[in-house]
Amino acid sequence: MPDTPFIPGDGDAKLAPAITGGLPTPADQTARQRDRDAKPAHDPREQSAPQTTPVVPLGKGEPLLVVRDLRKYFPVKRGVLARVVANVKAVDGISFGVARGETLGLVGESGSGKTTVGRCILRLIEPTSGRIEFENTNVLDLDSGDLRRMRRNMQIVFQDPYASLNPRMTVGAIVGEPLAIHFGELGASERADRVAQLLEKVGLSPDYRKRYPHEFSGGQRQRIGVARALATNPKFLVLDEPVSALDVSVQAQVVNLLQDLQDELGLTYLFIAHDLSVVEHISTRVAVMYLGKVMELAGRGALYEDPLHPYTKALLSAVPVPDPAVKKTRILLKGDIPTPLNPPSGCVFHTRCPIAQFPICSAEVPPLVEHKPGHFAACHFAGESLPATTDPEGLTATLP
Ligand SMILES: Nc1ncnc2c1ncn2[C@@H]1O[C@H](COP(=O)(O)OP(=O)(O)OP(=O)(O)O)[C@@H](O)[C@H]1O
Ligand code: SF4
Ligand SMILES: [Mg+2]
């Protein structure tokens with residue numbers, strides 16, 4: 001494929017909805033302003049508020065993105081006056097950095113706040129508080145023009161390749177839309193050339209540009225989503241469960257494609273998944289989230305071979321092993337993840353933790369501490385082994 005250089009300009013085209021839930025429309029901007037006006041001020045008396053400057057686990061090398069003490073509370077409103085009666089604490093004070101060229105895996109159960117983190121980073125939703133520094137600029141300080149320019153460098157691939165592509169637009173229009181938005185000075189033939197290049201880059205024929213999304217399989221649709229995200233030559237991609245909706249056989253192909261693109265284009269990824277096995281091969285480091293907080297963050301090897309947090313141990317024990325001769329003890333966590341509307345006091349994991357001790361675990365929020373170089377965990381008893389079990393089905397956590 002000819003790799004002609006792509007010349008960025010400063011287009012002023014209107015945002016068209018090629019993807020649902022994607023880039024914001026003017027209505028979104030107004031809604032965001034309303035959200036910002038109505039946003040619940042963070043109450044420092046709340047139990048979950050940190051008392052000290054948060055630790056920010058950075059990767060090796062120059063940081064491209066640094067997230068500091070990020071919170072996103074969704075207000076719950078009641079009555080004719082729409083008074084805020086409670087907050088859904090979707091993200092509750094998380095900090096991490098992503099170094100240039102690395103992949104940070106972000107893993108956690110459904111509802112732990114992963115998508116909210118990804119959308120806050122791109123300001124598709126407005127965070128309640130915190131800082132998001134991209135190349136040393138706080139994204140939250142940018143006005144709409146600067147934010148649009150910044151978004152050329154930060155793009156997102158959505159989880160659901162069926163819902164995220166506009167069924168009424170051709171593939172060529174979908175992939176070409178970011179070019180119209182960000183590089184409006186490109187002529188029609190230059191844009192068509194660029195779309196053809198992008199389709200080839202993700203392993204699709206340029207002839208597909210006249211077809212519609214429903215004519216493609218899930219894996220092909222996700223490739224279209226990746227091509228669209230790459231259109232502006234970004235440096236950073238949020239990959240929100242990009243393979244979760246795909247068949248297992250197709251998952252590996254898409255993960256391999258993402259790895260090849262990363263090598264070729266020098267991309268940096270935040271790779272969101274709910275399963276540790278999905279991010280194992282692609283991640284440089286992995287962060288484990290639970291109820292809006294980071295429980296553990298470490299390099300891939302350290303996290304998989306020597307996890308320190310009981311929640312990580314439980315997640316790892318659920319990862320299937322291909323060799324039937326290898327016996328694993330499964331740690332079964334009782335119950336579902338609690339609601340972020342009313343998270344447990346102290347350590348948010350204490351209602352399901354097999355080694356919780358009281359009163360400390362229900363009274364004191366464990367800070368994220370660097371226990372070994374580059375290996376962070378938020379647990380008062382990090383590294384303690386879980387109780388042994390004789391149950392062949394695995395260990396059932398004893399609830400307090
Ligand atoms: N717009 C919203 N208004 C109110 N609550 C919301 C909103 N968006 C998300 N939430 C809540 O925030 C919490 C975190 O949601 P989020 O989608 O970030 O989780 P997730 O880890 O991505 O889950 P999944 O694995 O299911 O995608 C959930 O309890 C969810 O119900
Ligand atoms: S702080 Fe306590 S409840 Fe939380 S994970 Fe550690 S041992 Fe379990
Ligand atoms: Mg999600």
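## Helices 4 and 5

In this predicted model, in which local features need pLDDT of at least 70 and side-chain atom pairs count only at pLDDT 80 or more, while totals for chains, interfaces and linings use all residues, the axes of helix 4 (residues 171-182) and helix 5 (residues 188-201) come within 9 Å and cross at roughly 115°. Residues are numbered from 1 along each chain as its sequence is written, chains are lettered from A and ligands numbered from 1 in the order in which they are written. Helices (H or I, at least four residues) and strands (E, at least two) are DSSP runs numbered from the N terminus, and axes are lines fitted to C-alpha atoms, for helices over the stretch in contact, with angles running from 0 to 180 degrees between N-to-C directions.

Helix 4 and helix 5 are therefore roughly perpendicular to each other, on a scale where angles under 35 degrees count as roughly parallel, over 145 as roughly antiparallel, 65 to 115 as roughly perpendicular and the rest as oblique. Their crossing is right-handed; a crossing is right-handed if the near helix is turned clockwise from the far one by less than a right angle, and left-handed if anticlockwise. Gly172, Val175, Gly176 and Leu179 of helix 4 meet Arg191, Arg194, Val195, Leu198 and Leu199 of helix 5, where contact requires C-beta atoms, placed from the backbone, within 7 Å. By class, this contact has 5 nonpolar, 2 polar and 2 charged residues, with Ala, Val, Leu, Ile, Met, Phe, Trp, Tyr, Cys and Pro counted as nonpolar, Asp, Glu, Lys and Arg as charged, and the others, Gly among them, as polar.

Helix 4 is mostly covered, with 9 of its 12 residues buried; a residue is buried if 20 or more other C-beta atoms, placed from the backbone, lie within 10 Å of its own, exposed if 12 or fewer, and partly exposed in between. The buried residues of helix 4 include Glu177 and His182 as well as Ile174, Val175 and Leu179, and what covers the buried residues includes helix 5 and helix 6.

Helix 4 and helix 6 pack at an angle of about 30°, with their axes 7 Å apart, which makes helix 4 roughly parallel to helix 6. Val171, Ile174, Val175 and Pro178 of helix 4 make this contact with Ile224, Ala227 and Arg228 of helix 6, and its residues divide into 6 nonpolar, no polar and 1 charged.

## Helices 6 and 7

Helix 6 (residues 218-230) also packs with helix 7 (residues 248-265), at an angle of about 20° and with the axes 10 Å apart, so that helix 6 is roughly parallel to helix 7. The crossing of helix 6 and helix 7 is right-handed. In this pair, Gly218, Gly219, Gln222, Arg223 and Val226 of helix 6 meet Val250, Gln253, Val254 and Leu257 of helix 7, a contact whose residues divide into 4 nonpolar, 4 polar and 1 charged.

## Surroundings of the ligands

Ligand 1 is surrounded by 13 residues, of which the closest are Phe74, Ala90, Ser110, Thr115 and Thr116; a residue is near a molecule or strand if its C-beta atom, placed from the backbone, lies within 6 Å of it. Strand 2 (83-99) and helix 2 (114-121) are the elements that give two or more residues to the shell around ligand 1, with helix 2 giving the most, at 3 residues. By class, the shell around ligand 1 has 4 nonpolar, 8 polar and 1 charged residues.

The residues around ligand 2 include Cys347, Cys353, Cys361 and Cys379, together with His350 and His380. The shell around ligand 2 divides into 10 nonpolar, 2 polar and no charged residues.

## Loop residues and backbone features

Pro307 lies in the loop between helix 9 (300-305) and helix 10 (310-317) and counts as buried, with 25 C-beta neighbours inside 10 Å. Leaving aside neighbours within four places in sequence, Pro307 is in contact with Glu296, Thr312, Lys313 and Leu316. Pro307 and His375, 68 residues apart in sequence, are 9.1 Å apart in space, C-alpha to C-alpha.

The peptide bond from Phe358 to Pro359 is cis, with omega near 15°, and Pro359 is found in the loop between strand 11 (331-332) and helix 11 (360-363). Glu135, in the loop between strand 4 (129-134) and strand 5 (137-138), has a positive phi of about 50° although it is not a glycine, and Glu135 counts as partly exposed, with 16 C-beta neighbours inside 10 Å. Glu241, which lies in the loop between strand 7 (236-240) and helix 7, has a phi near 45° and is buried, with 21 other C-beta atoms within 10 Å.

Technical notes: Two residues are in contact if their C-beta atoms, placed from the backbone, lie within 7 Å.
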